[in-house]
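I opened this entry to record a search for salt bridges. My notes follow the display.

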Amino acid sequence: MEELIRFLAESLVEEPARVRVYTKETRRETIIKLRVAQQDVGRVVGRNGRVANAMRSLLDVAARNHRKPVLLEID
């Protein structure tokens, strides 16, 4: 799942070298944190959050066999 988010983010931004993806496990959920360069945040979020919501939808499909919910946070 981490690789999926990294691939999508690197495809969208102008500075793919500054894309960082971290995974944090809690008791109830798995959180995937995405960090990009400041000028690329708008590209990853999209107008009205459409790109971010599309990434979350793909992540939901990829996490079907995962026992805990998977969340995406964009910094």
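I searched the whole structure for salt bridges and found eight. For this I took a salt bridge to be a side-chain nitrogen of Lys or Arg within 4 Å of a carboxyl oxygen of Asp or Glu. The model is predicted, so I noted that local features need pLDDT of at least 70, that side-chain atom pairs count only at pLDDT 80 or more, and that totals for chains, interfaces and linings use all residues. Residues are numbered from 1 along each chain as its sequence is written, and side-chain values use heavy atoms, with hydrogens and water left out.

I looked up Arg-6 and found a salt bridge with Glu-2, with 3.7 Å between the closest N and O atoms. The two lie four residues apart in helix α1 (residues 2-12), and therefore about one helical turn separates them. Helices (H or I, at least four residues) and strands (E, at least two) are DSSP runs, numbered from the N terminus. I also noted a network of salt bridges that links Glu-2, Glu-3 and Arg-6.

I then turned to Arg-43, which meets Glu-14 in a salt bridge at 2.5 Å, N to O. Because Arg-43 lies in helix α2 (residues 41-45) and Glu-14 in the loop between α1 and β1 (20-25), the pair ties together parts 29 residues apart in sequence. Arg-43 forms a salt bridge with Asp-40 as well, the closest N and O atoms being 3.9 Å apart.

Last, I checked exposure, where buried means under 20% relative accessible area, exposed over 50%, and partly exposed in between (1.4 Å probe, protein chains only). Asp-40 is buried at 1%, Arg-43 is partly exposed at 39%, and Glu-14 is exposed at 57%.
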